[in-house]
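Dear colleague,

Please find below the structure that I am handing over to you. My notes on what was found in it follow directly after.

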Amino acid sequence: MAIRNIRVMGDPILEKVCKEVKEMTPRTQELIDDMFETMYEANGVGLAAPQVGVLKRIVVIDVTGEDPIVLINPRIMETSGEQTGGEGCLSVPGKSGIVTRPNYVKVKAYDRDMNPIELEGMELLARAFCHEIDHLDGHLYVEKVEGELSDVEEEA
């Protein structure tokens with residue numbers, strides 16, 4: 001496993017639409033492992049493949065630090081409710097902004113063994129599903145920010 005460089009806003013790869021994963025390969029398994037390692041190292045709760053320079057529809061999420069989720073070719077099937085809160089992104093370091101997202105999200109995807117899965121998320125997990133899936137279509141959360149981006153206080 002390896003920590004990969006996280007692409008930052010302004011990198012054209014973050015604006016591209018990712019390609020579907022057709023089959024699981026050892027190289028794709030390695031990418032998933034590297035994405036988790038990179039996300040944890042950066043203290044993130046989610047990471048999409050384009051953020052490490054790979055145009056594949058793969059997302060990793062772990063909002064608790066104990067429940068890693070892999071989504072391959074994810075699609076949002078259902079949403080409800082609304083939540084407004086602060087959001088940040090590993091590709092927009094040192095900044096955060098207020099974003100309104102659904103409070104409930106249901107996604108369909110494949111797991112790392114290419115088995116179909118359906119997952120439901122509320123609150124932070126719902127926000128993470130939407131945020132990371134947006135990356136796969138070339139969108140950053142800054143497009144949805146209400147008002148201005150603000151500087152994040154660095155933790156000591």
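Leaving aside residues up to four places away in sequence, Pro-68 touches Phe-36, Tyr-40, Ile-61 and Asp-62. Please bear in mind that this is a predicted model. Pro-68 belongs to the loop between β2 and β3, and it counts as partly exposed, with a relative accessibility of 49%. From Pro-68 to Gly-46 the C-alpha distance is 9.4 Å, although 22 residues separate the two in sequence.

Strand β2 (residues 58-61) and strand β3 (residues 69-80) run antiparallel and are joined by four bridges. In this pairing, Ile-61 is placed opposite Ile-69 of β3. Strand β3 also pairs with strand β6 (residues 104-110), again in the antiparallel sense, through six bridges. Here Glu-78 faces Lys-106 of β6.

Next, the helix. Which residues of α1 are buried? They are Thr-28, Gln-29, Leu-31, Ile-32, Asp-34, Met-35, Phe-36, Thr-38 and Met-39. The buried residues of α1 pack against β1 (46-48), β2 and β3. After α1 comes Asn-43, which has a positive phi, near 60 degrees.

Finally, the cysteines, which may interest you when you plan your reading of the model. How many disulfides does a search of the whole structure find? The search finds zero. The sulfur of Cys-18 has its closest cysteine sulfur in Cys-89, at 13 Å, which is too far for a bond, because a disulfide requires the two sulfur atoms to be within 2.5 Å. Cys-89 likewise takes part in no disulfide, the sulfur of Cys-18 being the nearest to its own at 13 Å. Are these cysteines buried or exposed? Cys-18 is buried, at 5% relative accessible area, and Cys-89 is buried as well, at 11%; the cut-off for buried is under 20%.

With kind regards

Technical notes:
Residues numbered from 1 in each chain as written. Predicted model: local features only at pLDDT ≥ 70, side-chain atom pairs only at ≥ 80, totals over all residues. Heavy atoms only, no water. Pairing = 2+ DSSP bridges. Helix = DSSP H or I, 4+ residues; strand = E, 2+ residues; numbered from the N terminus. Buried < 20%, exposed > 50% of the residue type's maximum accessible area, 1.4 Å probe, protein only. Contact = heavy atoms within 4.5 Å.
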